[in-house]
Amino acid sequence: MTAKTQTMDLLPRYALAVLSHLALVLAWYLFVRFGDVPKFVMPSPVDTVKVLFSGTYEWWPNVLVTGTEIIGGYAIALVVGVLLALVFTWSKWLEAAFMPLLVSLNMIPKVALGPLIIVWFKYGVFPNTLMAFSIAVFPILLTTARGLREVEPDLLDLVKTLRGSRWQIFIKIQLPGALPYIFSGMKVAAILAVAGAIVGEFLGSDKGLGYMMLQVQVTLDTDAMFMAVILITLIGVLLYGAVLVLERLLVVKDARID
Amino acid sequence: MEPFIHLAGVRKVFRKGATEFLAISEATFDVMPGDLVALVGPSGCGKTTLLKILAGLYDYDGGTVRIGTGTHPFDPSRDIGMVFQQPLLLRWRRIVDNVLLPTELLGLPAKASRERALALLAMVGLAGFEDKYPYELSGGMQQRAAIARALVHDPKLVLMDEPFGALDALTREKMNLELLRIWKESGKTIVFVTHGISEAVFLGTRVVVLTAGPARMADNFEVQLPHPRTLDMKTNERFGEYTRRIYHLLGME
Ligand SMILES: Nc1ncnc2c1ncn2[C@@H]1O[C@H](COP(=O)(O)OP(=O)(O)OP(=O)(O)O)[C@@H](O)[C@H]1O
Ligand SMILES: [Mg+2]
């Protein structure tokens, strides 16, 4: 249980967050405007936004592709990670057999898997979703397994004296107790899923924002590169924000792990 | 009258591989219905082990354990309430929902249980805190909620394992008085583990003294102090005799 030593009202908190973002954009603008920076090195925020509406590129379909890969890989990672953790807490044998194996597999650099995945599944949304999944599943599995294990032995005794079933223990004690851990894994996984999908697109793809970046790199259209990075970041921020909102709804303040 | 709990020659050995550890060599005592028995002894002498045997959580390796009588029947699957050193409240549940946990496990009717939980919370002095989360309560208040949780399914026997061990001295004294009041009001049979010697004498209608390595019953006596007990009894002659008697047994004079 961590005590929040300093609390702050929500409104000034949000206001400050928005301000710091705006300040960064302003600094960027001023730097480009007065720093004599060549346009192909760093475009101004204005040019960057312009390229979004210039009609030169098809942004929306590519956002959809990358978004699908990220969200899809993430969703599969969440389901698979939580289910595996569940199976492992139910069966010590399965855990002893497969947990070390999965830890070893996790040591494989996912980037190194990229070329293989392409050989197996060709270019496209599916292999990149797989990349996002493979990199996001572990933090969720590990934190969930840890959270499900964190049950006070005395509390289990209390349940046992009243002949509580394994299902009751799971649904009333283990799962709600594990939620803060699951969310801490989900936050890490959100960041990793974005990285996984983009790496997948870099390695081999014919659509998506990562693919676009490689295309415009050739033509030195830095405006578009910046815009692509911003859009990728926005997808990540949206995903992360959704996780935070869900956490707020489901986990009591006292139990949240930051 | 027949004893509610009858322990005779209870023996407990912990085995790990080939090594054996004798935790309790011979425990014999009776508890009358409605008694508050204080189990006192040094750390590691087997108090918790004995309590878990009573709770049906541990097997034992010899002797007899019998709980319940014809007039005071005992159902081991629903007649035990437990309080531990830590409150062990579920931090995602409001206080009243924490108190309700045993009734959910037993599948008791929700509405009646809720009324009972609210009444119990009032009895332990937590009226107005029903909808708070555990972290919004002090340690002593959390422990009161834990006591309400131990009573909510109306068990015949309440087992308490150093329930006030984690509290400061002042809160502890206050909780002792509260416990006596709750015990009187609820009429439960309580087995109370402590390593506080004066706490044992102050609370107990009977005190059972265990000595360590391995736990042996050293003494078992009725505390003849009137009820309701008051804090100034701690300074009276007889109270002093009882505590000296225990100090002597534990070799701490
Ligand atoms: N599950 C167990 N397996 C093996 N040994 C155990 C187990 N539980 C307790 N013991 C041993 O039995 C002895 C009695 O333990 P117990 O927990 O009953 O002591 P206690 O009187 O409750 O001590 P304390 O006052 O410190 O809580 C100790 O030496 C302990 O190491
Ligand atoms: Mg103990």
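Reader: What makes the lining of the largest pocket nonpolar, polar or charged by class?

Author: In this predicted model, the lining of the largest pocket has 18 nonpolar residues, five polar ones and no charged ones.

Reader: Which elements supply at least two residues of the lining of the largest pocket, and which one gives the most?

Author: In chain A, α1 (10–34), α2 (45–53), α8 (166–203) and α10 (222–250) each supply at least two residues, and the most come from α10(A), which contributes ten. Chain A has ten helices and zero strands, and its C-alpha trace spans about 75 × 50 × 25 Å along the principal axes.

Reader: Why is the largest pocket said to lie between domain 1 and domain 2 of chain A?

Author: The largest pocket lies between them because domain 1 (1–37) and domain 2 (42–255) of chain A both give residues to its lining.

Reader: What makes the contacts of Lys47(B), Thr48(B) and Glu162(B) with ligand 1 polar contacts?

Author: The cut-off is a pair of N or O atoms within 3.5 Å. For Lys47(B), a side-chain N or O atom is 2.8 Å from an oxygen atom of ligand 1, for Thr48(B) a polar side-chain atom lies 2.6 Å from a ligand oxygen, and for Glu162(B) the separation between a side-chain N or O atom and an oxygen atom of the ligand is 3.2 Å. Each of these values is within 3.5 Å, so each pair counts as a polar contact. Of the 630 Å² of accessible area that ligand 1 has on its own, the protein covers 61%.

Reader: Which elements give two or more residues to the shell around ligand 1, and how do its residues divide by class?

Author: In chain B, β2 (19–31) and α1 (47–54) are the elements that give two or more residues, with α1(B) giving the most, namely three. In total 14 residues surround the ligand, the closest being Ser43(B), Gly44(B), Lys47(B), Thr48(B) and Thr49(B). By class, the shell divides into six nonpolar, six polar and two charged residues.

Reader: How many cavities of 30 Å³ or more does the structure hold, and what lines the largest cavity?

Author: The structure holds two such cavities. The largest cavity has about 40 Å³ of space, and its lining includes Leu158(A), Thr161(A) and Leu162(A) as well as Ile80(B), Gly81(B) and Met82(B). At least two residues each come from α7 (153–161) of chain A and from β5 (80–83) and α4 (139–151) of chain B, and the largest share, three residues, is that of β5(B). This lining divides into six nonpolar residues, three polar ones and one charged one; since Arg counts as charged, Arg149(B) is that charged residue.

Reader: What is the volume of the second largest cavity, and which residues line it?

Author: The second largest cavity has a volume of about 30 Å³. Among the residues that line it are Gly114(A), Ile117(A), Pro127(A), Met131(A) and Leu203(A), and the elements that give two or more residues are α5 (110–121), α6 (125–149) and α8 of chain A. Its lining has five nonpolar, four polar and no charged residues.

Reader: Why are the peptide bond from His227(B) to Pro228(B) and the phi of Asp36(A) pointed out?

Author: Most residues other than glycine have a negative phi, and most peptide bonds are trans. The bond from His227(B) to Pro228(B) is cis, with omega near -5 degrees, and Pro228(B) is found in the loop between β9 (215–222) and α7 (237–249) of chain B. Asp36(A), which is not a glycine, has a positive phi of about 55 degrees, and its place is in the loop between α1 and α2 of chain A.

Terms used: Residues numbered from 1 in each chain as written. Chains lettered and ligands numbered in written order. Predicted model: local features only at pLDDT ≥ 70, side-chain atom pairs only at ≥ 80, totals over all residues. Heavy atoms only, no water. Helix = DSSP H or I, 4+ residues; strand = E, 2+ residues; numbered from the N terminus. Domains from an automatic or database assignment. Near = heavy atom within 4 Å. Polar contact = N/O pair within 3.5 Å; in protein donor to acceptor, adjacent residues only side chain to side chain. Areas by Shrake-Rupley, 256 points an atom, 1.4 Å probe, with all protein chains shown as cover. 1 Å grid on protein atoms, 1.4 Å probe; cavity = no way out; pocket = protein on both sides within 12 Å on 5 of 7 lines; lining within 4 Å. Points joined across faces, edges and corners; volume = space filled by probe spheres on them.
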